[in-house]
Structures are given as C-alpha cells and as structure tokens.
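Work through these exercises with the model open beside you. Try each task before you read its solution.

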Amino acid sequence: MVKKRQNRRFVWCLVMIAVLAAMTAACASRDGGGKTVAGNDETRQSAGQTESEQQGGVTKAPLHITIAYNFDGKEFPQPGNEIEKRIEQYTNTELDIQGLPSTVYNEKLPVMVASGDIPKVVSANKTPYILDAILDDVFWEIGPYLKDYPRLSELNEIIYKNISVDGKIYGLPRVRPIARGTYIYRKDWLNNLGLQEPKTIDEFYNVLRAFTYDDPDKNGQQDTYGMTVRDMPIEVRDMAIFYGAPNNWGIVDGKFVKDVLFDEYMEGLKFMKKLYDEGLINKDFLAVDRPKWEGEFEFGKAGIIHNTSNTVTIFGARVKNQKSDSEVDFFSRLTGPKGERIRAEAGSNGFLAFPKASVKTEEELKQILAFFEKMNDEEMATLFHWGVEGVHFKAENGKAVRIDQGKYDDEVAYPYRWTLGIVPPERHAIPGDLTPLEQKIEEVMAENEQLAVHDPTLTLISETYNKIGEQLNTIINDAIAKFVMGEIDEEGWKKEIERWRQEGGDQVAKEYEEQYANINN
Amino acid sequence: MMQHVADEVRPALPDSNPRVKKSLWARVWKERWLYALLLPGIVYFVIFKYFPMWGVLMAFQNYKPHKGMWNSEWVGFEHFSRFFGETQFWMLFRNTLILAVYDLVIFFPITIILALLLNEIRNELFKRTVQTLVYVPHFLSWVVIVGITYILLTTEEGTINRMIVALGGEPVPFLFSKEWFRPLIILQMIWKDAGWGTIIFLAALAGVNVQLYEAARMDGANRFQLLWHITLPSIRSIIVILLILRLGNFLDLGFEQIFLMLNAMNREVGEVFDTYVYRVGLIQGQFSYSAAVGLFKSVVGLILVAGANTLAKKFGEEGIY
Amino acid sequence: MVQDKTIMSRLFDAANHSFLFLIAVLTVLPFLYVIVSSFGSMDDWIPKKFTLSAYQYIFSTNTFLRSLQVSVYITIVGTAFSLLFTSLTAYALSHKHLPGRKGFMLLVLFTMFFSGGMIPTYFVVRSVGLLNTLWSLMIPGMISAYYLIILKSFFQQLPEELKESAKIDGCHELGILWRIILPLSLPAMAAFGLFYAVGLWNQYFSAILYINDSTKWPVQVLLRQIVVLSSGGFGDSTQISQDSVAFYGQSIKMAVVVVATVPILLVYPFLQKHFAKGVLLGSIKE
C-alpha cells in the first residue's frame, strides 16, 4: 500500500519537473514570447538574418541593411526616430542599427565574426584578428568597385592607402581631418598678460610659464598652471615632431628606425620633463582620468589642453559655462629647428567593412555601396552636417545657422554623422555661416594637411607587432613616464630602449623593412 | 519500519552476479526521488557548462574567430612556452601570488571576525543598521571606488595629502609608489567587500542551535567561552568549505580594480596575470594566448582545491567531494 | 537570554559598538558623497547647488523606464529559478549515501575551473534558441557551482534526526525538503537569493552579447554607457579609437550610480529578519 502511494507520488513529481522544464523550453523558444515587457510591437529582425531581405536588380522594395558600430554618445536614438526615417525614405532602405560603446563593441565583434551572426555593415579597426580575417577573405574587397561611385572615390588617396591591407581596400573609411591635434588655450588669459599666440617652441614655453606664475586670471592668487596633461606619450611624440623627429617610425637609408632613437625625440622628451620639473603641467598626469583632465581646463585651473580639433568649440562652450567672459582659441603647429611640422594621423577613425557571411552577393554589395554614395547627396549631407531644419538649424538666405548644438550632437552627430559618415558631409551640405573660430579650424586643418608628417607603418603589417605590440608599447610608455617624473635618468632611459629593442623592437623594424622593400621595388 | 522490511524482501534476480547488481539498482531505485531532484541541475550543467567546454582547447591552437575551432591551426603547447618563457613571468607570478596570499590571510579572516563582532551585538536595530551600511560599498563599481581613491590620494590635491601638508609633512605619492600599491589594493578590497563577505557567515551564525548556548550558560560559561566553544565550532564547516573554494580562485584577482590602479610607476609590483593577459591578449585579439593563461590559472586552482580537500578530510571535515 | 554582566563583557560591548559604528561611517561616507553630488555639482567635498536636474534627465527618457522594468523582471524571475534549481540540486547532493554522489560533485566542481569562454557559450545559447530573449540573461547563469557547493554544506549541517523523524511520519523526500529543510535554511536561502539577485541586477555584458533588440536591454547597459564611458573606461589606449566622448556632468553620473544601486540595496533589509538567531529553537527535543 505504502509503496503504491509512493510510486504514484514519484511519477507525479517527475511529471511536475518535466512540465516545469517544458514550460521553460517553450517560453525560451518563442522569441521573447509573452515576456514583452518592452511593449514594443516592432519585430525588428536581429542582425544577420537575411531571409526576409529583398533581392533583385530593380529595387522597388527597400534594401534592408543591418549595421553595427561603436557608438560613444549618450544614448542611442530609438529605432524609428526622425533622422533614421529620413535616411530610410531618401535612400529607400530599411536600417537596423546596433550602436554599442567602444569597449563592449570590441568584445562583441569577435563573437560576431566567429558565429556568423554578423550585420552587413560593421565598423572595424586594424586589430590583429581583423587583419587576419581580412587576409582570409572574410570581408569584401571594395577597391575595384569604387570607381563606380564618384563621391566615395573623391577622398584623399592617403586615407584609402592608410586603411588598405596588402595594398587592397576592404572598407569605407570614416574620414577625419588628417592632422587634427590642437592646443586649445584660454584667449582671455593671453590677453590679460598681453601675450600673443605662440608660434615657436620657445614662445610656447614662455606662455606656459606665464600661465603658471603670472596670475593670468587676475585673481591675485597663484592657482593656475600651464597645460593639463593626461596622455604623456602623445604629448612627447608631438613635441618631438615639432623638434624634427619622425612620426612613430622614420626611414633612414631604407632602414626603419623608431622615433625614440632619434636625437630630436630626446629633445621633445626633455622639454616635457622641463615642464614637469618647473610645475608648468599637472604632476599627477599619470593618475588622471578623462573627466578630471578635461575638468582642469574647464574649471580654469589650466590654461591649455591638447585635444582634437572637433573639441575646440565644445570646450569653448564648457568654459564659457563656468566663466561667462572667457574665450578660447587654439593653435595647431609650432615651428621648431626643422621647420613647421605636425603629426599626421590615419585620416580616418576606423572603417566600415562588409562581411561576406551576410552580404552574400556582389549585387548586394553594390547596392550597399550605392547607399553610402547616395548619402553624399545634398539633402543627406545637410542632414548629417546640420540636422533637421527647424529643429537643429534654420536656413537664412540659403545658409544654415545652428539653433541647438547639444541636440544636434545627441541626435545626429554622435549616432550617425561620426559613425556612418564617410565623405565629410560639409563638402556637400548647404553652406552655413561659421563663427570665426570655426572658420579658423577649417583653415588650419587644410593647412595641416600640407605640412603633416606621416607614419610610414600605417600601411604595413608586422607579425611581431601583431603579437606583442602592446608589450613593446608599454616598455616605451612606462619609460617616458618614469623619465619625466625623474624616476630614471638618461642612462636609465637608454637601458629601457635597449630592452625594447631586445624584446622585439628590432624584429619589428626588420619586418617593416622587408615589407617596405617589397612594395617599393 | 515497514518499508525497510519490504525493501529487503525482494525476489532475487536470476542474473550472474545477483548481489552486486541488485544492490546497485536497488540503491538507485531507493533514492529515485533524489535523482529526480538532481536531474534538472545536472542537465543544466551539461548543457551550459560542458557543451561549451571545447573552448578550452583554444589554448592549444592559434584560434581565429572567423576560422572557428575546426579550421584554426593547432600549435600544441606553444602558447604555454611563450607564457612561461616571458621575461616578465616571474614578476607576474610573484605579484599575483603575493596579492593572493594577502587576500587569503588578511581579507578572509577579517570577514569572519567582522561577522562575529556583528553577531555579538544585541541591539537589533543597531545590528541591522550596521549590517546594511557595511555592505553598501559592494555595489559601487570599481570605477567609482578608484575615482574616490584618486580624490583622496593624489599628490597635489588629494584630501589626505593636504591634511599631511597642513600638519607640516611632505606629501606622499601614494598612487605612484611601489610600497603603497599592495596595501592600497587590500584596503580597497576590504572596504568594498568585507561587509559583503560577512553575509554568508551571518547566515551560518543564524543557524546555530540556540539551545546549545542556553545549556552552556547554565553551566556558567561567560560570553567569550561561548564564542570560542560554541559559535566558532558551529561555523567551522562553512569556514573550511569557503576556504577550499577560495583556493580554487587563488590566482584570480580583481582585474578591474588592479587595472584602474596600475600605472608606469607601480607596474613592477602591480602587474598580475589578469592585467597582463588583458593588455597582451585581449586588446590584440589574441584569444588563444588568453585561453592558455586562463587554463594555467585553472589548473593551479584545481590542484590547490584537491590538496585542500584532502587535507580537510584528514582533519575530519567534510570536504567538497 | 541571560546577559553576561561582567566588566570584561561590558568593555567588550562598548569597544565593539564603537568600532562597528566607525566602520559603518567609513563605509557609508563615500556613498553619501555620491548621493550628495547627484543633487548638484561638487567642488571637492562641498556641494555647490541643489538641483534635481540629473534625475529629471534620467527619468525623462522612456528607454530608461523600460529598461528598469526589464531589470526588475529578470531579477525577480531569475532569482526564483536560480534558488529553486540550486536548492533542489544541493539538497539531493547533501545525502551522503546517494550512489554516484562523489562523481556528481566532481562534475559540478570541475565547471568552476574549466569554462569554454564567451564564444562557445554563445554558440550553445544560440542553438538552444535563447538568443534575443530575456531568458538568455537568466538561464545560462542559472546555477552557480560556487553557491551550490556552499548550500549543500548548509543542508548537510542540519541534524539528521529531523529527517529521520520526518521519514518515520511517512514523509517522502520532496515533502522533507519543502516542509522541514527549507524553512530551517531560510538564512542561507536569503543569502543566496540576495547573491543571485545582485548578480542578475548587475547584468550588463550578457545582455549586449545575446540581445540585439535594444528595447530588451536591462538598466545596467544604459547606465554603464554613461558612467564607464565618460570616465575613460578601459578603452583609452590608442588602439581603440573613440571620438570625443559625449560629456556628462558629474551630477548625472552620480545620479546614475544612485539609481543603479539603490533598488537592489533595498532588498537586503527585507531579508534581514531571516538572519535572526534561534531559527532552530524548539525543533529538536533533547
């Protein structure tokens, strides 16, 4: 009797567990089934599912494009927002965009590549595994197709060259000014002290001293200093270039020599050390995070900050917010013993690539490229550069004037213009009135292009650098910090550089040399 | 006891080795309820932990995401020899080991002591308030905590240094000194997680048989004797289990915390396996290399746990298995 | 309970109380800093003005409220599932005479050391059909081997006599578990419930990995974008190119920390009564 009851209970128990498990499985297999807390009825397709996509030559039906990229703004706009709708309408597409913060994006991308669940357009950099993937034919080579797209082709050749792998182009670059480093300074301080914008290295030094010791904010206290620093290696590199050193690597008689080995580099290094020793920069640069670094300039503790050109107006606004009668200006180049030079960057911030796993036919690739080409038409370029009329800007006599910079940044610039913009939209947008500062930025950027010093290794690949590049960089970067802070002297510096050479630096140099010789036969 | 009798009076099965087979199956059948309860958990582990386990093999390949496991080339122990041959290996090992030992020897006992102290409070309100407050830091992310650390300790403007200068001393470069790095890390760890760590001990303490206390009191024991002779022994098993488990993660240190505190000046004492792997492995997309280092740490942890488990059993404790 | 009234005891109490008070103050101070600065900008430790604008901003977006819903949902449901299956499994494994027990324990223990990693797990999650569902945040991490092992220990510590007497009264295993073991293990269950809940509440990366639909993202995704991002996060090496990162006022970041933390913080006080002593009182007749 007892047994029978027990057995029945046992079966009952098993049944319950089975039912529980089945419920779990059933709920799981329905896409978010019944658990639509979101309340959003849009069944947006997840990236990579191409079944429902429309194919065919004459596309009356919209082209469905899935996109993923790194997005570093505040909050990605909701699907179906005004900007996205306008793009879709104009280009006859259906966009499905995933914008993720850079750090997360860089961790998700390999998973996407490995699993094949990858959108049709992804942003990428020349990280080693992407380079491997490119060399293994994972992405389309778009070089041969570019001639069909006049606007996409009109970009500066160097930009395409810098993103090319093995001489071939595998993506559309997200264009930035080639040399966009700017030293943003407090113009009101300069005026208070009766000084001029520095043009040479010595003048720069004098301004820094004045900002520190001559009470530029005229408040009777010595509570300011010259320049706020965070990324010392970059500061040193830029000063070194002003002194005449090459950018990252120099080529001497066909041999590749790292910039740190040049005498001019030591000049730049010593210059920064002098600034540190004399209290002209923040002593805690090694432990400063981004908000603190920017805050030093914003709150009027430091007079100069070295940042990219697009931040000039942003900082201007921030500083004005703190002190309404302040003014900012900038300079980009300094003249040194070897003339006027400036560091060139790649000219792009990553590129957009097209995986063959999701873009299955050449036809589709061409349609996607056509989409990007179309984005340069005046209407779309205006959308990217100015925003929506009446919301972000207003048009007066055919010229645009910004109404709301912040709104434009959040709704247009960060999510779309910086991430999807290939050809700088200002080239094809309706013209607008620029403030003198904005005007100056454009002029200086154009000048910089002519005087920029390029990094010859941008187009080359070194196996060793791919493998242990980070370690090598750390040796040099740590040595820079230690030297500036006085932890090691010149002897110690030389030892560290020697260590860099032993642990792989020389090997990397050799690999670059071989590649370079091959290309330039 | 009828069911026991009923179980034993079972007809012998006509098999070759009736006794052995009968008792195994009989035992399994007897415990069928327990197996039923066990089933979902085991299924979970198999699906979500064992099915993906092939990933461990990445450590023996040059894994490339686009190639996948089957097409990536096999390199055997190459990554391990690179790792062990790394000039920095012993530095990393030393740093990791020292911090791990500090954690075990300082942090672990502190949580126990803190729990015991909390347990001694009789005022319920005070006790609950302190308990709640003391685990709040656990919820702050390391980014916030390191940010606060910086505010306190920067050489020029840090609150602490300003106080030191006001008292006539020289500012101390806490953030850039090798001597201060490890103490700072441990202090941060304690501040953040000691309170959190007491929770499990408090749960254990709540289960101690109150009648034991009363009986001992009636025999004239004072509170310290109660603590020593009743409270501690009651939670001894939990302490042992947690200790063994802690050894399993011996070489795992808080990556985020250390990474945020590292800089050129303290790297020599601060760089540990995890931060090294992050820089060298993950930033450059070197999955296989990171997998290899992770595997190394896991094996060390496994050996430690096996050793500790055996040791615990020798002392009469219940081990993990 | 009779109080111990010796001098030593009282001194100890005094010292203990003061010490713990100090500890409580030290631990809560920085969090107070965070809260205060969320209401206005700070200059070092002194607040400048009082404003609710940070909170207004955060709550003004309906993405935020929706993600809050998602987080609450997965925390509650996920914790329930986790507690259920962890206790079932732990209970079964707490029986010393279970055939094959050692093998099962090793099976579980092994998973604490060896894990396939992100990519293989992604494949499994995909093949089980959990991609892009909220279940992908609750099921793959459902049972923690670590908590399982500790809970098993807790169960083992309960007196055998209880189970024996229950068996005599005709109770079967499930009944024993439900009627006797669980009520007596409330402190442990409360503790693990809290641990699981916090883990689920803080989920961030799995959401981004498994869920493409941003309407299904939990609150931490949104919030980390704000806090981690503008603090420079990790991604400030020159490898990872970030364009000028969007600028957030300090007060918004602090408000984000408060909003991300306070809800889960409030869970513990409700669980505290389960940590009271004397749960076993009267259950065993000596």
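**Exercise 1. Describe the fold and spread of chain B.**

Step 1. Count the elements. Chain B has 16 helices and zero strands. Here helices (H or I, at least four residues) and strands (E, at least two) are DSSP runs, numbered from the N terminus.

Step 2. Note the source. This is a predicted model: local features need pLDDT of at least 70, side-chain atom pairs count only at pLDDT 80 or more, and totals for chains, interfaces and linings use all residues. Residues are numbered from 1 along each chain as its sequence is written, while chains are lettered from A and ligands numbered from 1 in the order in which they are written.

Step 3. Chain B has a radius of gyration of 26 Å, well over the 20 Å that the globule rule gives for 321 residues, so it is more spread out than a compact globule. The radius is taken over C-alpha atoms, and the rule is 2.2 Å times the number of residues to the power 0.38.

Step 4. Along the principal axes, the C-alpha atoms of chain B fill roughly 90 × 70 × 30 Å.

**Exercise 2. Work out how helix 10 of chain A packs against helix 17 of chain A.**

Step 1. Take the geometry. Helix 10 of chain A and helix 17 (residues 463-484) of chain A pack at about 45 degrees, with axes 9 Å apart. Axes are lines fitted to C-alpha atoms, for helices over the stretch in contact, and angles run from 0 to 180 degrees between N-to-C directions.

Step 2. Classify. The two helices are therefore oblique to each other. Under 35 degrees is roughly parallel, over 145 roughly antiparallel, 65 to 115 roughly perpendicular, and the rest oblique.

Step 3. Name the residues. A:Leu269, A:Met272, A:Lys273 and A:Tyr276 of helix 10 of chain A meet A:Ile480, A:Phe483 and A:Val484 of helix 17 of chain A.

Methods: Contact = placed C-beta atoms within 7 Å.
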